[in-house]
Each structure stands twice: as structure tokens, then as C-alpha cells.
Amino acid sequence: MKIDNSLPLEYSTEENNLKILGFWIFLGAEIMLFATLFTMYFTLENRIGHGPSGAEIFEITPVLVETILLLTSSFVIGLGIHAMRLGNKKAMMVFFSITLLLGAGFLGFEIFEFVHYNHVGATLQTSAFTAALLTTLGTHGLHVTFGLFWGLAILIQIKKRGLTPETTNKSFIFSLYWHFLDVIWIFIFSFIYLKGMM
Amino acid sequence: MDFFDRFAVPHPSFLIYASMVGIGLTMVAIVLGITYFKKWGYLWREWITTVDHKRIGIMYLLVALLMLFRGGVDAIMMRYQLSMPDNKFLESQHYNEVFTTHGVVMILFMAMPFITFFFNYLIPLQIGARDVAFPRLNALSFWLFFMGMGLFNISFIVGGSPDAGWTSYFPLANNEFSPSVGTNYYMIAIQIAGMGTLISGINFITTILKMRAPGMKLMKMPMFTWSAFIANVIVVFAFPVLTVLLAMGTMDRLFGTNFFTTGDGGMDMLWANLFWVWGHPEVYILILPAFGLYSEIISTFARRNLYGYKSMVASMVVISVFSFLVWTHHFFTMGQGAFTNSIFSITTMAIAIPTGVKIFNWLFTLWKGKIVFTTPMLYSMLFIPLFTLGGVTGVMLAMSAADYQYHNTMFLVAHFHNVIIPGVVYAMIAGLTFYWPKMFGFMLNERIGKWTAWIMSVGFVLAFIPMYITGLDGQARRMYTYSESTGFSMLNMVAFIGAGIMAISFALLVYNIYYSIRYASRDIGSDPWDARSLEWATHTPVPEYNFAITPQVASTQGFWDAKKNGHELFKGKYEKIHMPNNSGWPFILGCIFFVFGFAMVFSIWPLAIVTLIGILVCLVYRSFEKDHGRYISVEEIEETEAKLRGVKNEDR
Amino acid sequence: MKELFPVKQVMGFVFSLVLTVVALLVYFTDMSFPIGMTILLVTAFIQAGLQLVVFMHAGETDDKKSIYTNVYYGLIIALVTIFGTLLILVWDM
């Protein structure tokens with residue numbers, strides 16, 4: 001395998017470059033996936049049937065905490081990639097671990113939020129609005145959950161195999177995924193919660 | 001007993017039982033045959049675990065041909081049912097199932113794998129690459145697609161076929177009006193196959209962007225590769241819509257949500273809307289690669305460079321964007337205002353412009369060309385007038401006010417068959433005939449091939465032109481019968497005869513394959529058509545590494561330059577070649593997806609959870625797997641090359 | 001320790017927090033719907049752009065053009081789908 005040492009490790013082989021570009025294209029598909037969910041949500045948001053409306057069930061505190069957690073985790077994984085490029089394995093692993101912990105915290109709050117919705121009578125079956133809301137949030141939440149397992153698998157590999165072209169490539173791609181989830185959350189935060197509570 | 005009752009077909013008929021027995025016997029025969037000839041190992045090593053783009057392509061081809069047969073039988077059954085007024089051949093329920101599966105099978109499980117076969121086989125060869133960007137993902141794409149196809153097809157013997165039309169509009173498709181599991185099959189099988197398609201879309205885009213031979217700038221790619229690139233861009237941005245849509249439909253049916261219900265705020269029209277947000281681009285996913293194939297064939301047999309290369313590319317880029325801007329024309333009558341309808345009328349008519357540009361480019365390519373009338377060329381020449389007819393009726397349908405008259409009549413059915421059959425199906429058969437010698441080392445018989453093309457076209461005209469007339473007279477689509485007094489019977493009989501003639505032409509195609517396997521010459525070299533682009537520059541049969549030395553090109557017609565203008569394609573010496581290892585992992589993951597899909601269809605939750613965990617375990621295993629591929633040594637390359645050169649007795 | 005916290009990324013983070021606070025004004029103050037939506041649209045898209053450029057290193061390789069084309073194409077199709085659907089099913093129904 002040809003390794004080009006003038007580039008960061010994650011770009012150092014042909015295969016790595018292919019994977020990074022391929023993942024960007026996958027993110028293009030993800031943009032459309034979430035766009036469809038937003039389309040569905042905006043169409044159905046005022047169709048509440050006999051159930052509650054968004055303004056009645058949204059609460060600012062958990063939403064704000066989730067936002068801060070996810071924004072911070074996105075920043076921290078950026079630091080992790082920076083440390084990785086410096087070749088500092090230990091710092092990188094610390095940053096990645098913090099990222100995953102923040103992600104887990106986010107997920108915890110989201111589960112709490114879902115329980116709350118269930119409590120106030122906004123279940124998946126209540127109305128078109130609740131189904132749209134919970135599906136959109138749930139898809140994002142599932143992505144985060146998947147990301148936690150994925151990140152964990154990468155951490156283990158870095159610990160066992162060190163910073164190689166493969167592991168750094170995986171880490172970089174994972175960081176793209178994680179930042180992307182943050183971008184999606186910003187749109188959820190702005191156009192589902194804040195717009196709903198405005 | 002309740003548990004097992006669900007697996008029974010809800011509306012059995014003699015035909016369904018007969019096909020059950022037929023399918024069962026065929027399966028047993030295949031298994032016995034493979035065991036008797038001791039081919040299991042061969043099958044596993046050479047095909048099931050393969051990551052070679054050429055073999056994966058051929059597997060797509062086999063699926064496509066099988067599904068062409070199945071969809072074709074559905075079509076004949078429908079045409080026979082409608083050939084006479086008050087016909088008792090199919091009852092209403094069975095007719096609903098037949099037109100639903102005909103649509104799904106023909107679009108998603110025949111046309112899609114057929115174009116994916118061309119993507120797989122041709123893209124790496126045309127750009128001078130060794131394989132696609134992610135060979136193992138490519139295998140996974142195929143197996144996901146295959147398992148989705150399998151799941152959809154077992155529906156008619158286990159639990160009942162979907163019966164809400166290939167568009168599966170709600171509220172018809174909800175639990176109340178479609179109580180059998182058929183529509184669950186629709187939601188879940190297409191979901192699994194769609195994932196495969198999305199993954200292969202990403203794969204091909206990356207391949208085309210990053211793996212082109214030195215010198216092949218984007219604007220020097222062969223036209224088929226361009227069309228494949230654009231089609232895959234559409235795949236990547238359109239298929240996620242389908243993913244979400246099918247997930248919502250699944251939730252409505254299995255978990256009682258209210259997306260598309262008529263109470264509790266649900267909105268059934270949202271289904272139609274999102275379906276066509278995906279569905280319209282899907283049409284262009286099918287037609288663009290067909291255009292690409294025609295471009296290759298027409299420029300080869302007019303012995304000229306393609307006229308207007310840049311405008312061809314530009315028109316495809318425009319089509320790729322516009323394909324996302326026209327979806328409302330599928331439901332002008334749904335109730336949105338005249339303002340919206342006008343916007344989408346205009347965008348729809350506008351999309352005819354880039355398509356027209358392409359038609360004229362082909363005509364100008366032919367102009368002053370030294371035309372050679374081979375079978376692929378004959379299909380292309382039949383395509384131009386027939387497809388234009390379909391395109392023009394499309395513009396008629398695009399006028400939203402007039403569409404109130406045409407909507408959901410046979411006129412529409414005639415229109416879309418008129419674009420899909422001469423547009424896509426002819427291209428597939430022309431392309432298959434054109435590339436057959438590249439794949440299998442012998443040509444299909446030209447005489448039989450030309451007869452096939454003419455008979456198919458006569459059958460096509462007889463089958464579909466009458467539908468324009470009955471449609472304008474008011475015959476609705478998807479109605480299983482009509483009365484004598486409507487006066488539709490004569491024209492429907494003509495349509496049935498046309499369908500029968502088309503069936504004969506497909507039988508002739510199969511006979512041609514059989515005949516050519518037996519009698520065709522094997523001594524045809526690697527360039528029997530005197531063709532122009534890189535795929536013909538390598539040996540036939542193509543070695544697993546495609547090109548021993550990476551070709552260097554300077555124009556859109558690299559191979560033609562090499563033949564006529566002394567361009568040197570292969571510079572340098574042999575070097576060892578890095579190749580990916582075979583893997584059973586994609587097949588196993590596909591199988592787990594199949595069981596998962598089955599469990600979801602029948603709401604067997606424990607099984608669904610177990611298989612879901614199985615899928616995750618597979619992914620984790622893959623993440624930890626170390627596989628750096630293998631190398632083909634220089635000696636091995638020399639040996640293979642010498643052998644292949646010996647086969648064709650010439651030195652290039 | 002200092003080299004682990006590059007200025008660009010720290011500034012990016014601070015800026016994204018500021019944008020979040022600005023967006024929150026929509027909730028904590030009383031403003032009309034059009035003004036609120038404008039603020040949300042502006043802050044959300046700047047945030048997204050920030051992530052893309054500062055954190056995701058979208059422009060660092062030769063594939064810059066492909067990556068940006070991919071994102072813009074996705075964005076355009078996404079907006080067309082969202083607003084087209086709203087036009088059909090809500091505003092003009």
C-alpha cells in the first residue's frame with residue numbers, strides 16, 4: 001500500500017481518500033433524509049388532532065441542555081482530530097472519550113424528554129404532529145446512538161492498534177458524522193423547538 | 001393456529017396454487033442440480049463471495065432477466081383480462097395484485113438492476129479502473145438488493161401480494177383497506193432493496209470522481225459514464241426520500257401512527273407528494289443511463305464522434321436538477337391551487353427542452369455518418385421516433401388543465417409505457433447485444449436479433465397506441481373489467497395481440513441467446529464492433545484486474561485514437577496489482593436482512609430484534625476486521641496476458 | 001497543552017455559542033413571527049456553515065469542489081422539496 005507521508009495520516013493512502021469523499025457523498029444523502037423529515041414535520045406541525053400542540057409540550061430547559069452538550073461535543077471531537085494530526089494519541093483518546101460522554105449525556109436528556117412527552121399525552125399514536133415530532137427527533141437520536149457504538153469501536157481500535165492510516169481515517173470520518181449530527185440538531189433546535197415556542 | 005393463518009394467501013386462486021407448485025419444483029430442481037454437479041463450492045467461491053464488479057454486474061443481469069419474465073407474465077395476464085368485456089379470467093382482487101406487482105417488479109426489480117448491471121460492468125472499464133471504489137460495499141449493495149427482491153417476490157405465495165398499486169397511495173394502503181400483509185411486503189422489501197441502491201449510488205459517484213485513468217478529465221469521459229454519473233447523483237439525493245417515506249408507511253401500518261390517516265391530523269396526500277418527490281427523479285435514473293447507452297451505440301455505428309458532447313453533458317446536468325422540480329405533475333388533480341399547478345406545468349414542459357437537445361444531437365451524429373445497421377443500432381433507430389412520440393404525449397399530460405381529462409386513464413398508461421419501453425427497455429436490449437461479446441466472448445446472432453427488434457416494435461405499437469385512444473375515450477386505468485357498451489373491446493383486443501407479439505419477441509431473444517451459445521463463432525477478437533471507448537481496449541474475456549497497465553487517454557474516444565491516430569494507451573511496464581479479497585460477509589448480512597424483513601412483515605418481534613442485533617454484530621465485526629487485500633504478482637500478470645493474447649491471436 | 005487548543009476552533013466554538021444565544025432571543029423576547037424566523041434562518045445557516053468550514057475541514061483537499069458541489073446540490077434539492085411541498089400541501093391547498 002502506497003503511503004504518502006506529506007499528508008495527514010487519514011489522507012495518506014488512495015483508499016483513505018476514496019473513503020473520505022465517499023462519506024461526504026453519503027452525508028449529501030443524509031441531508032436529503034433529514035430534509036424529507038423536515039418536510040414531513042412542517043407539513044404536519046399544525047395538524048394536532050385531539051393531541052397537544054408543540055407550544056404546549058416543549059420545555060426550554062432540557063432542549064437548551066441538549067444543545068449545549070451536543071455543540072460542546074462537536075467542538076471537542078474537533079480538538080480530538082487536531083490532536084490526532086499532532087500525533088498525540090493520548091490527548092486524542094481523551095477528547096474522543098469526552099465526546100462520547102457528552103453524546104451519552106445528550107441521549108440521556110433526550111430520553112428524559114421523550115418520557116416527559118409520553119407523560120403529557122404526546123405519544124407516537126396521538127396525532128400526526130406527535131408522530132412527525134417523535135420520528136424526526138427519534139431519527140436524529142438513533143443516529144447519535146449509532147454514533148456512540150461506532151465511536152466506541154474506533155476508540156478500542158485506536159487503543160489496540162495505535163494511530164495508523166486505517167484508524168485515523170476511521171476517526172476522521174467519524175468526526176464528520178458527528179459534526180453533521182450537530183448541524184442537524186441546530187436545525188431541529190431552531191425550526192422545531194424555537195419556532196414552536198415562539 | 002392464528003399464527004400460521006397469516007402466512008396463507010388470502011385470496012387464493014388456481015393460478016396462484018399452480019405457480020406455487022411451479023416455483024417449489026424449480027427451487028428443488030435447482031438445489032438438486034447444484035448438488036448433483038457438485039457446484040456449491042464453485043458457486044460460493046466464484047459468485048456469492050465475489051467482489052469483482054464484472055461478476056456482480058452479471059448477477060444483476062440475471063436478476064433483471066428473471067424479473068423481466070415475471071413482470072412480463074403479469075402484463076400478459078392483465079392484457080388478456082382486458083381483451084374482452086366482462087372477462088372472468090382474473091377477479092378484481094387478483095387483478096389488483098397483478099398490476100401492483102407488475103409495476104413494482106418492472107421499475108424496481110427489472111429496470112433498476114438492468115441499469116445497475118451496466119453501471120457495474122461498464123463504469124470501471126470505461127474509465128480505465130481496476131474495480132469500483134468500494135468493492136465490498138458493491139457486493140453488499142447487490143445482496144441487499146437481491147434480498148429485497150426475494151422478499152418482495154415471496155409475497156405472492158406467503159401471505160399475499162401487495163394490492164394498492166405500485167404507488168401504494170394512502171388511505172388505500174392502510175390497514176383498513178389493505179388488511180393483508182401484502183403492503184407490508186411492499187414497504188419493507190423496497191426499503192431493503194433501496195438501501196442497496198443508495199449504497200451503490202455513493203459507490204459509483206466516488207468511483208467516477210476519483211478513479212479515472214490519467215488524462216481522463218471530467219469532460220473527456222465516455223458519454224455512458226457521464227450519464228451513469230448523473231443518474232447516480234439523482235439516486236443519492238432521491239432515494240433518502242423513499243427511505244423516509246417507506247419508514248413512515250411502515251409505522252402507519254405496524255405501529256398505528258397517524259401520518260397518512262384521515263383522522264387525528266393525518267394527511268394522506270403527503271404520501272402522494274413524497275412518493276413523487278422520489279418517484280419522478282427515479283424515472284430519470286432509469287432513462288439517463290439508457291440515453292448514455294444510445295450515445296455509445298449511435299456514435300459507434302455512425303462511425304463518428306458524438307455530436308455536441310458538451311451540450312449532451314449540459315442537458316443531463318439540467319435534467320438532474322429539473323427532475324426534482326416537477327413532481328406535482330403526477331397529481332395535478334389532487335386539489336392544490338391553479339398557481340401551484342401552473343408552476344409545475346411550466347417546469348415539466350421545460351424539461352422537454354434538454355431532452356429534445358439530446359434527440360437532435362443523436363440525429364446530427366447520424367448526419368453524414370457512415371451508418372452500419374447492426375442490431376444495437378436498429379434498436380437505437382427505432383428508439384428515436386417511438387420515444388419522441390412518448391415525449392410529445394408527455395408534454396400533453398404536462399398541461400395541468402388538460403390533465404384533468406387524461407388523469408388516471410389509459411392515455412397515461414400508454415404514455416409512460418411509450419417512454420419506458422422504447423426508452424429504457426430497448427436501450428437495455430441494445431446495450432446487452434452490444435456488450436454481449438465483451439462479456440461472454442461471442443456475439444448474438446444478428447439476423448435473429450434484427451427480427452426480434454422489428455417484432456418487438458410491431459408488438460409495441462399494437463399494444464400501446466390503442467390505449468391512447470381508449471384513454472381519451474375515458475377508459476380508466478386499474479379497472480379489472482368494463483362492459484360491452486363502452487366500445488373499448490376491439491381496441492383492447494388489439495392491445496392484447498400486441499402484447500402477445502411482444503412476448504414472442506422476448507421468446508425470440510431467449511432463443512437467440514441459446515442459438516448463439518451453440519453456433520456463434522468464438523473467434524471474434526476483443527473489438528468486434530470496431531468501437532471507440534476504453535472498455536474495448538482490454539482483452540475478452542476481461543481479466544479480473546481489467547487492465548494490466550493503467551491506460552492513458554487524451555480524448556473522449558481513447559481506444560479509437562489508439563486504433564486510428566496512433567495514440568499510445570498503455571505506457572510503462574507491468575507492476576504488481578492490488579486487488580480486494582473476496583468476502584462472504586455481504587451475503588451473510590444480506591441474508592440476515594432478509595429474515596429481519598420477513599419478521600417485520602409479519603410483526604414477529606422477537607425474531608426482528610434478534611436479527612437486528614445480528615446486523616449490528618456484523619457491522620461491528622466488519623469494523624474490527626483487518627483486510628488489506630492481496631497483490632497479483634508481475635509473473636502472474638505476464639502469464640495471464642500471454643494466455644489471453646494467445647486466445648485472440650493478435651498482439652496489441 | 002496549548003497546542004491542543006487551536007485558536008481557530010476555539011473561536012469557532014465561542015462564535016457558535018454566541019449564535020445559539022442570539023437564536024434564543026426569539027424565545028426570551030417578544031417579537032413578530034417574520035422577524036423571529038429571519039433570525040432563526042440566519043443563525044442556523046451561519047452555524048451550519050461554521051461547522052462545515054471550521055470543524056469538518058470541507059475545503060482542505062483537492063476534492064474541495066466535489067464536496068462543496070455535493071453539499072450545495074443537496075441543500076438546493078432539500079429547500080426545493082421543503083418549500084415545494086409546503087406550497088402544494090399547505091399554502092396553496
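The chat below covers one chain, one contact and some record annotations.

Q: What kind of model is this, and how is it numbered?
A: It's a predicted model, where local features need pLDDT of at least 70, side-chain atom pairs count only at pLDDT 80 or more, and totals for chains, interfaces and linings use all residues. Residues are numbered from 1 along each chain as its sequence is written, while chains are lettered from A and ligands numbered from 1 in the order in which they are written.

Q: OK, chain A. How many helices and strands?
A: There are 6 helices and 0 strands in chain A, giving the pattern α-α-α-α-α-α along the sequence. Helices (H or I, at least four residues) and strands (E, at least two) are DSSP runs, numbered from the N terminus.

Q: What does the C-alpha trace of chain A span?
A: About 65 × 30 × 25 Å along its principal axes.

Q: And what share of chain A is buried?
A: Of its 198 residues, 56% are buried, meaning 20 or more other C-beta atoms, placed from the backbone, lie within 10 Å of the residue's own.

Q: Switching to the contact with chain C: how many residues from each chain?
A: Chain A puts in 36 residues and chain C 39 residues. Two residues are in contact if their C-beta atoms, placed from the backbone, lie within 7 Å.

Q: Which helix of chain A gives the most there?
A: Helix 1 of chain A, with 12 residues.

Q: How do helix 6 of chain A and helix 2 of chain C cross?
A: Their axes come within 9 Å and cross at roughly 175 degrees. Axes are lines fitted to C-alpha atoms, for helices over the stretch in contact, with angles from 0 to 180 degrees between N-to-C directions. Helix 6 of chain A and helix 2 of chain C are therefore roughly antiparallel (angles over 145 degrees).

Q: Which residues meet there?
A: Among them, Phe187(A) and Phe191(A) from helix 6 of chain A, and Leu40(C) and Phe55(C) from helix 2 of chain C.

Q: Where does UniProt put the transmembrane regions of chain C?
A: The unreviewed entry gives residues 12-29, 35-59 and 71-91 of chain C. In the model, residues 35-59 of chain C are 84% helix and 0% strand.

How values were computed:
Angles under 35 degrees count as roughly parallel, over 145 as roughly antiparallel, 65 to 115 as roughly perpendicular and the rest as oblique. A residue is buried if 20 or more other C-beta atoms lie within 10 Å of its own, exposed if 12 or fewer, and partly exposed in between; C-beta atoms are placed from the backbone. UniProt positions are given in the numbering used here, feature names are shortened, and annotations may be inferred rather than shown by experiment.
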